[in-house]
Amino acid sequence: MLAFIQTGGFFMWPLMACSILALAIILERFWTLRKSAVAPNGLLSDVMARLRDDRMTLEYIRTMQAKTGLASIFAAGLLNSKHGRGAMKESVQEAASHVIHELERFMNTLGTIAAISPLLGLLGTVVGMIKVFSVLMESGAGNTALLAGGISEALLTTAAGLGVAIPALIFHRFFSRKIDELVVTMEQQSTKLVDALHGDRDKTGVAQ
């Protein structure tokens, strides 16, 4: 691996750094964007059951507030449910904006890596070809070793740039789609909770 980097020249080092950073972001996003952590399937039914049985307590709401994702949105809504539908909906939207911001963390960085990696590879290619033409000007076409070194550097940086950019772009699109799906799920669940508390049929409030 070290010989591969050295053969590729200087621009292989920033490409290697980009690949390590992209891998770290991908692993972190896989862990953070788990549906079971962001929008658990049984959360709404549990909240509704507690409201129906008058078992909703401030302690339970504070526990949800300390969590991430849908639980924190529900907590914000429940804490403001006594102030009417408008206040509850506004608090839910405010909490949701913070949750979405957290879901989108590092996505710009991953997209940037996908964008700049081919450019770094292209820059390495240009530098490698400049070396090739410099050798041609100084030594002619007979110095095949130096010519091969410049061409090899040009090809390696191009391949490395694409090798970093393609997975980064794929996972950026994958995670963006996953975030969209999670946001839709959270919106639907939050709307159901607001409607349950302030719909046509008024439900039990929060027990302090």
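## Helix α6 and its cover

The buried residues of α6 are Leu70, Ala71, Ser72, Ile73, Phe74, Ala75, Ala76, Gly77 and Leu78, and with 9 of its 10 residues buried this helix is mostly covered. The model described here is a predicted one, and every value in this report should be read as computed from that prediction.

Glutamine 189 is found in helix α9, and it counts as buried because its relative accessibility, 15%, falls under the 20% cut-off.

## Overall architecture

The protein has 9 helices and 0 strands, and its elements follow one another along the sequence as α-α-α-α-α-α-α-α-α. Of the 208 residues in the protein, 37% are buried, while the protein exposes about 11,900 Å², of which carbon and sulfur atoms supply 63%.

## The largest nonpolar core

The largest nonpolar core comprises 47 residues, and those with the most contacts inside it are Val47, Met64, Leu78, Leu103, Met186 and Leu193. The elements that give two or more residues to this core are α2 (12-32), α4 (43-52), α5 (58-65), α6 (70-79), α7 (85-103), α8 (107-139) and α9 (144-198). The element that gives the most to this core is α9, with 11 residues.

Valine 47, one of the residues with the most contacts inside the core, is placed in helix α4 and counts as buried because its relative accessibility is 0%, under the 20% cut-off. Leaving aside residues up to four places away in sequence, valine 47 touches Met56, Tyr60, Met64, Phe74, Leu78 and Leu193; among these, Met64, Leu78 and Leu193 are themselves listed with the most contacts inside the core. Valine 47 and alanine 71 are separated by 24 residues in sequence and by 9.7 Å in space, taken from C-alpha to C-alpha.

## Helix α5

In α5, the buried residues include Tyr60, Ile61 and Met64. Seen down the axis of α5, its buried residues fall within an arc of 100°, so they line one face of the helix. The cover over the buried residues of α5 includes α4 and α6, and on the α4 side valine 47 touches both Tyr60 and Met64.

## Helix α2 and the annotated spans

Helix α2 has 21 residues and reaches 30 Å from its first C-alpha to its last, which is close to the 30 Å expected at 1.5 Å a residue. The buried residues of α2 are Met12, Leu15, Cys18, Ala22, Ile25, Ile26 and Arg29, and, seen down the helix axis, they fall within an arc of 145°, so they line one face of the helix. An α-helix has 3.6 residues a turn, so residues three or four places apart point the same way. On the other side of α2, Ile20, Leu23, Leu27 and Trp31 are exposed.

The UniProt annotation "transmembrane region", which comes from an unreviewed entry, covers residues 12-31, 110-133 and 145-171. Over residues 12-31 the chain of the model is 100% helix and 0% strand, with the end C-alpha atoms 29 Å apart. Residues 110-133 are likewise 100% helix and 0% strand, and the end C-alpha atoms of that span lie 35 Å apart.

## Loop residues with positive phi

Which backbone angle takes a positive value in aspartate 54, a residue other than glycine? The angle is phi, which is near 60° in aspartate 54. This residue has its place in the loop between α4 and α5, and aspartate 54 is partly exposed, with a relative accessible area of 47%.

Phenylalanine 106 lies in the loop between α7 and α8, and its phi is near 70°, again a positive value in a residue other than glycine. Phenylalanine 106 has a relative accessible area of 37% and is partly exposed, because that value lies between the 20% under which a residue is buried and the 50% over which a residue is exposed.

Note on methods:
Residues numbered from 1 in each chain as written. Predicted model: local features only at pLDDT ≥ 70, side-chain atom pairs only at ≥ 80, totals over all residues. Heavy atoms only, no water. Helix = DSSP H or I, 4+ residues; strand = E, 2+ residues; numbered from the N terminus. Buried < 20%, exposed > 50% of the residue type's maximum accessible area, 1.4 Å probe, protein only. Areas by Shrake-Rupley, 256 points an atom, 1.4 Å probe, with all protein chains shown as cover. Core = buried A, V, L, I, M, F, W, Y, C linked by side-chain atoms within 4.5 Å. Expected span 1.5 Å × (residues − 1). Arc of directions from axis to C-beta. UniProt positions renumbered as here; feature names shortened; annotations may be inferred. Contact = heavy atoms within 4.5 Å.
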